[in-house]
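I opened this model to look up its strands, its charged pairs, its rings and its surface. My entries follow in the order in which I made them.

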Amino acid sequence: MLALSRKKNEALIINNNVEITVLEIKGEQVKLGISAPREVPVYRKEVYVQIQEATREAASLEGIENLENLLG
């Protein structure tokens, strides 16, 4: 993991096309702005984890249904 220190209005660039800027700092909370192309998905981690869990669950249910269809 790369750990960086940034101040308000400072930014970092990822892969030449994603820019993350520190917009505001209030106590222990930091507000970030993210500029990325539309085709680059950007999620909060907790939302990303929920999407991954739902995808795994759907895939396992689909696998069970396919197995039931094969077994008739």
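The entries below go from the fold to the side chains.

**Basis.** I am working on a predicted model, in which local features need pLDDT of at least 70 and side-chain atom pairs count only at pLDDT 80 or more, while totals for chains, interfaces and linings use all residues. Residues are numbered from 1 along each chain as its sequence is written, and side-chain values use heavy atoms, with hydrogens and water left out.

**Fold.** I looked up the secondary structure and found 1 helix and 3 strands in the chain. Both kinds of element are DSSP runs numbered from the N terminus (helices: H or I, at least four residues; strands: E, at least two). Along the sequence the pattern reads β-β-β-α. I also noted the burial: 7% of the 72 residues of the chain count as buried. Here buried means under 20% relative accessible area, exposed means over 50%, and partly exposed lies in between (1.4 Å probe, protein chains only).

**Sheet.** I asked in which order the strands of the open sheet stand. The order is S1-S2-S3, with antiparallel pairing; two strands pair if DSSP finds at least two bridges between them. S1 (11-14) and S3 are at the edges with a single partner strand each, so one side of each has no neighbour in the sheet. On average, neighbouring strands of this sheet are turned by 25° against each other, direction ignored. For such angles, axes are lines fitted to C-alpha atoms, for helices over the stretch in contact, and the angles run from 0 to 180 degrees between N-to-C directions.

I then followed S1 into S2 (residues 18-26), to which S1 is joined by 4 bridges in antiparallel fashion. Ile13 stands opposite Glu19, and Ile14 stands opposite Val18. The two strands form a hairpin with 3 residues between them, and Asn15 in the turn has a positive phi of about 55°.

**Salt bridges.** I searched the whole structure and found 4 salt bridges, counting a side-chain nitrogen of Lys or Arg within 4 Å of a carboxyl oxygen of Asp or Glu. In one of them, Glu10 and Arg6 have their closest N and O atoms 3.6 Å apart. Glu10 is partly exposed at 29%, as is Arg6 at 37%. Glu24 and Lys31 form another, at 3.4 Å. For Arg44 and Glu46 the distance is 2.7 Å; Arg44 is exposed at 56%, whereas Glu46 is partly exposed at 45%. Bridges with shared partners join Glu24, Lys26 and Lys31 into one network.

**Rings.** I found 1 aromatic pair in the structure. The ring centres of Tyr43 and Tyr48 are 6.3 Å apart and the planes stand at 40°, so the pair is tilted. The rule covers rings of Phe, Tyr and Trp (its six-membered ring) with centres within 6.5 Å; planes under 30 degrees apart count as stacked, over 60 as edge-to-face, the rest as tilted. Tyr43 is partly exposed at 47%, and Tyr48 is partly exposed at 41%.

**Nonpolar patch.** Which residues make the nonpolar surface patch? I listed Ile25, Val30, Leu32, Ile34 and Val42, with about 430 Å². Patches take residues with over 30% relative accessible area and no salt bridge, joining like charges within 9 Å and nonpolar side chains (Val, Leu, Ile, Met, Phe, Trp, Tyr) within 5 Å. Areas come from the Shrake-Rupley method with a 1.4 Å probe, and for residues only the protein chains shown count as cover. Strand S3 (residues 29-35) gives the largest share, 3 residues. Ile34 lies in S3 and is partly exposed at 43%.
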